[in-house]
Amino acid sequence: MDRTPTYRILVSSPVRGRLAALLAAGLLLAGCGGSGGSGDTGVSQAGSAHEHGSAPAQVSGPRGAYAGIDLNPPYQRPSFTLTDAAGASYDFTTATGGKPTLLFFCYTNCPDICPTTMADIAVALRGMDPAVAARVQVVFVTTDPARDTPQVLGEYLHRFDADLPTSFIGLTGDQAAIDQAQLSAGVPLAEENGQVHSSLLLLYGADNEAHVAFDAGNTPRDIADDLKTVAAGP
């Protein structure tokens, strides 16, 4: 896709009209709507500890190899351990390694970007061959661990995956562990108690790299098309 993501910018959106205009101009990567009512869009910069370095990802060609956003260089599959909705320890690398995996950092009380993204994923999976969809790992890491308990995450994600051949995985933990997961994934640390966060949806393949990601400018069709490509392998 001929577009460079501005994934290193965090945005809260109490002023929806202004944010929509910025998104239409391709200037911002949206976060969730803030709880405040001020006119500040909450834009901030954040660093990264990811292997690909600090420069924003670049589109790899004039058209791009994917319907989503080409990541060049690709992101490495991160390494972190958190707690899943059943209260069990979940090693992300071990559980998802070599499998097509969608990774998203968000929180259950988000009023806009988070539920929209999860719904888009569900729509994409419903439109795919069930055998392919069943192989996809969908992992939701909360940015609000104070409120998103394992039970809350399980109930929230079940609203989206109840009729799907794959179950969405919700992960939580203490704040230090959540921060480590974000840094390992190469996304900026969430701010304002998790309500201002990266909205980049990362897709990893069998090579344990994310060559493509999605943001608010992508559709369920984009996600489905790239999932099929990634699931098919090299």
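Reply: Eight strands form an open sheet in the order E3-E10-E9-E6-E7-E8-E4-E5, with mixed pairing; strands (E, at least two residues) and helices (H or I, at least four) are DSSP runs numbered from the N terminus, and two strands pair if DSSP finds at least two bridges between them. Strand E3 (69-76) and strand E5 (89-91) are the edges; each has a single partner strand, so one side of each lacks a neighbour in the sheet. From one strand to the next the twist averages 35°. The model is predicted: local features need pLDDT of at least 70 and side-chain atom pairs pLDDT 80 or more, while totals for chains, interfaces and linings use all residues. Residues are numbered from 1 along each chain as its sequence is written, and side-chain values use heavy atoms, without hydrogens and water.

Strand E4 (residues 81-84) pairs with E5 in the antiparallel sense over three bridges, and Leu-82 stands opposite Tyr-90 in E5. Helix H5 (residues 150-161) packs on the sheet and touches E4, E7 and strand E8 (169-172), where contact means heavy atoms within 4.5 Å. The direction of H5 makes about 155° with that of E8; axes are lines fitted to C-alpha atoms, for helices over the stretch in contact, and angles run from 0 to 180 degrees between N-to-C directions. Helix H6 (residues 175-185) runs at about 130° to strand E6 (101-106).

Thr-142 belongs to strand E7 (residues 137-142). Thr-142 is buried, with a relative accessible area of 0%; buried means under 20%, exposed over 50%, and partly exposed in between (1.4 Å probe, protein chains only). Beyond its neighbours within four places in sequence, Thr-142 has contacts including Leu-153, Leu-171 and Ile-178.
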